[in-house]
Amino acid sequence: MATKRKGTPRSLVAGPSDAELRRLLGRRYALFERVAHPRPGVAGEWRSYKKGAPPVLKVLEGKQTLYYVRPDSVAVHVSFLLSRRACEGASAARLPARLRSAIESAQVFPEGRAVRLAMHRVAEVADVTALLAVKLGVS
């Protein structure tokens, strides 16, 4: 599915084609599109971080990584890395209980908490929007 492009960093790969994504995601393709392109000025690049692992779309605004998206046949998986300051802001923000719980139970790394969401419906894009606002300090 993903092939390495010549002359690119090791982790940068050619992502799946639009037809492959549509076949893989089925009715969740619209959800993937909304998450992959949340607003103007946001770009994505396909990456492969482990040999044999499926590619991941790294969603960026300028040089800042916003989050990662991994599509599969069951769900669209979105992963955020929230800094300590963003997590503190999340506790003050008016987030749904499921998002607060996801932040509190997220694995902690030196860089921050890895918050992972498995999304199945377009209505869940609001969760990505809320976490993105927390990450960017807009809450």
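User: Is tyrosine 68 buried, partly exposed or exposed?
Analyst: Tyrosine 68 is partly exposed, with a relative accessible area of 26%, where buried means under 20%, exposed over 50% and partly exposed in between, using a 1.4 Å probe and protein chains only. This is a predicted model, in which local features need pLDDT of at least 70 and side-chain atom pairs count only at pLDDT 80 or more, while totals for chains, interfaces and linings use all residues. Residues are numbered from 1 along each chain as its sequence is written, and side-chain values use heavy atoms, with hydrogens and water left out.

User: How many aromatic pairs are there?
Analyst: The structure holds three aromatic pairs, a pair being rings of Phe, Tyr and Trp (its six-membered ring) with centres within 6.5 Å, called stacked if the planes are under 30 degrees apart, edge-to-face if over 60 and tilted for the rest. One of them joins tyrosine 49 and tyrosine 68, which are edge-to-face at 6.2 Å centre to centre, with 80 degrees between the planes.

User: And what about tyrosine 49, buried or exposed or in between?
Analyst: Tyrosine 49 is partly exposed, its relative accessible area being 42%.

User: How are the rings of tyrosine 67 and phenylalanine 80 placed?
Analyst: Their centres are 5.0 Å apart and their planes are at 45 degrees, so the pair of tyrosine 67 and phenylalanine 80 is tilted. Tyrosine 67 is buried at 0% relative accessibility, and phenylalanine 80 is buried as well, with a relative accessible area of 2%.
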